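Reader: I'm new to this. Could you walk me through a protein model with a ligand?

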Amino acid sequence: MLAVNFIEQKKQGKEHKPEDIKAFIDAYVRGDIPDYQVSAWLMAVNFQGMTTHEIVALTDAMLNSGERIDLSQIDKFKTDKHSTGGVGDKVSLILAPLAKAAGCVVPMISGRGLGHSGGTLDKLESIPGFKVGVSCKEFTQLVTENSLAMGSQTKSIVPADRKMYALRDVTATVKSIPLICGSILSKKIAEGINGLVLDVKTGNGAFMEEYSESRKLAETLKQVGEQFGIKVKAVITDMNQPLGNAVGNWLEVVECIDVLKGQGPSDLIEVTLTLTTWMVVMSGIEKNFEKAKDILRELLAKGKAYEEFENMVRAQKGDVEYIKHPENYKQAAVIKEVLAESTGYIKAMDTEQIGMISLNLGGGRKLITDEIVPEVGLIVKKKIGDKVEIGDMLCLIHANSESDFETAKANYLQSLKLDMKPVEPKPLIYESF
Ligand code: URA
């Protein structure tokens, strides 16, 4: 079918045939269909949606657009986690070594920041020397030898997603359930996993703000993932405020080190424990959810997960000295507090805006070619429900100039909504299914 007719079909809300989806994706990856036609099709999908049948075909076409990692020689259940993206979401850096410490095999391919949301790879790369760009062979070797690898999509894995993801980012087609499903599941299935835990974020810092949309995304991800023969657990978690306190690549690594050493913010610990527990249960290591969670708590408290984190950093050529002594890392030039100018209870935080503050400080990319500045970001000091008096510290900004600090401060103050009445915070974890 001609590309123009394929686009027209979706524009009219008709269902594509699986073979036409495959032909379109293959031709795009080969370079036979230009970005402008794919952009038009992405927008048509964005508005018209796709049936489950079509999403399965899209995922399959994307998955088979490149190499797949073969971990069949590892005679154990292989499991991973993926988040749909948020602000301060640093869970993977704690969860992966923690799951490994509990006996899971974790092949994890992650993404970079997208829009206001941070990316695991950018956080890992803030560790000097850490190599995320491993080949399929190196990735397989790391998983075989260490039961854990955290890497990026190489050129050969799901090239269709690499091209489409970049295009979606600049054509306002990120927030589309079929496209998110194809993107996440093709990458994850290509890793050679048997099970996947999905952290589907909901709220004003998530790609799906409305609960009903987040649930629909979670259901679709589960339904489509299961059709590829993997076990899928979906957990819907809150993203109406940053997760934990740190937002910004290196600052988030430092917060992860705290959690791995048995400290750190309670919301981050709870979300991480819940998701990792599902990985342990899914792997059959411990069938009882509460017992599995207790095992993980103990591994954190005893420093076992921290040890695995250090091992992983060493195995992937990161400089462990900075993990042992984060105080030696390069600091931002300006580290200043933002103080409350009124009294009340924090009622709401504009989480997307907070993500954009970090991005604008240099923690994210405005253009695909931008270099990340790892040391900038912010540390949130008051969260939803907290009481605030005039002069209390609301957050600590790490900026590289006074003017960046002033802009970030003004935007941060604008991102908060205060109320005179006490505020009940929203649940942290809504449901798992
Ligand atoms: N994460 C992904 O990997 N892809 C998306 O489309 C959104 C979040």
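Reader: Which cavity is the space taken by the ligand?

Author: This is a predicted model, where local features need pLDDT of at least 70, side-chain atom pairs count only at pLDDT 80 or more, and totals for chains, interfaces and linings use all residues. Residues are numbered from 1 along each chain as its sequence is written, and side-chain values use heavy atoms, with hydrogens and water left out. A cavity is a set of points, on a 1 Å grid over the protein atoms alone, where a 1.4 Å probe fits but cannot get out. The ligand's space is the largest cavity.

Reader: Which helix gives the largest share of the shell around the ligand?

Author: Helices here are DSSP runs of H or I, at least four residues, numbered from the N terminus. Both α8 (159–169) and α9 (177–190) supply at least two shell residues each. The largest share, 4 residues, comes from α9.

Reader: How far is a polar side-chain atom of K187 from an oxygen atom of the ligand?

Author: A polar contact is a pair of N or O atoms within 3.5 Å. R168 has a polar side-chain atom 2.8 Å from a ligand oxygen, and in S183 a side-chain N or O atom sits 2.7 Å from a ligand nitrogen. For K187, the distance to a ligand oxygen is 2.6 Å.

Reader: How much of the ligand's accessible area does the protein cover?

Author: Accessible areas come from the Shrake-Rupley method with a 1.4 Å probe. On its own, the ligand has 240 Å² of accessible area, and the protein's cover is 95%.

Terms used
Polar contact = N/O pair within 3.5 Å; in protein donor to acceptor, adjacent residues only side chain to side chain. 1 Å grid on protein atoms, 1.4 Å probe; cavity = no way out; pocket = protein on both sides within 12 Å on 5 of 7 lines; lining within 4 Å. Sits in = over half its atoms within 2 Å of the grid points.
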